[in-house]
Amino acid sequence: MTNTESGESSKLDLPKSNVLGFILEDGDRVYARPSGTEPKIKFYILLQEKTGSLDEKKKKTEKKAAEIESFLRKYCDQIAGN
């Protein structure tokens, strides 16, 4: 594992798999892996909110998820040449 800010590397003792994981500044995580049955990439977005009521947390995470999804769609379209 490499910290992109400090450049520090450390060894992870995890089973081998085709997964890329990204930890965002606020602790949220995005994982990407190829589908085992279809020619596509699957993304998993894990979000956390520590402040506000349950309804406020839900609204904040829905907004963040939509922003991340939009970014990923644009990036994937750009790579695909669309």
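User: How much space lies in the largest pocket?
Analyst: This is a predicted model, and in it the largest pocket holds about 1,100 Å³ of space.

User: What makes up the lining of the largest pocket, by class?
Analyst: The lining has 20 nonpolar, five polar and five charged residues. That comes from 30 lining residues, and L20, G21, F22, I23 and V30 are the ones nearest the pocket's centre.

User: Which element gives the most to that lining?
Analyst: That's α1, with six residues. β1, β2 (29–34), β3 (41–46) and α1 (54–80) each supply at least two.

User: Why is L20 called exposed?
Analyst: Exposed means over 50% relative accessible area. L20 comes in at 53%, so it counts as exposed. You'll find L20 in strand β1, which covers residues 20–23.

User: What makes the nonpolar surface patch that includes L20?
Analyst: L20 teams up with F22 and L24 there, and the patch covers about 280 Å².

User: Why is E49 called partly exposed?
Analyst: Buried means under 20% and exposed means over 50%, with partly exposed in between. E49 has a relative accessible area of 22%, so it lands in the partly exposed group.

User: Where is E49 found, and how far is its C-alpha atom from that of G7?
Analyst: E49 sits in the loop between β3 and α1. The C-alpha atoms of E49 and G7 are separated by 28 Å, and the two residues are 42 residues apart along the chain.

Definitions and conventions. Residues numbered from 1 in each chain as written. Predicted model: local features only at pLDDT ≥ 70, side-chain atom pairs only at ≥ 80, totals over all residues. Heavy atoms only, no water. Patch = residues over 30% accessible without salt bridge, like charges linked within 9 Å, V, L, I, M, F, W, Y side chains within 5 Å. Areas by Shrake-Rupley, 256 points an atom, 1.4 Å probe, with all protein chains shown as cover. Salt bridge = Lys/Arg side-chain N within 4 Å of Asp/Glu carboxyl O. Helix = DSSP H or I, 4+ residues; strand = E, 2+ residues; numbered from the N terminus. Buried < 20%, exposed > 50% of the residue type's maximum accessible area, 1.4 Å probe, protein only. 1 Å grid on protein atoms, 1.4 Å probe; cavity = no way out; pocket = protein on both sides within 12 Å on 5 of 7 lines; lining within 4 Å. Points joined across faces, edges and corners; volume = space filled by probe spheres on them. Nonpolar A, V, L, I, M, F, W, Y, C, P; charged D, E, K, R; others polar.
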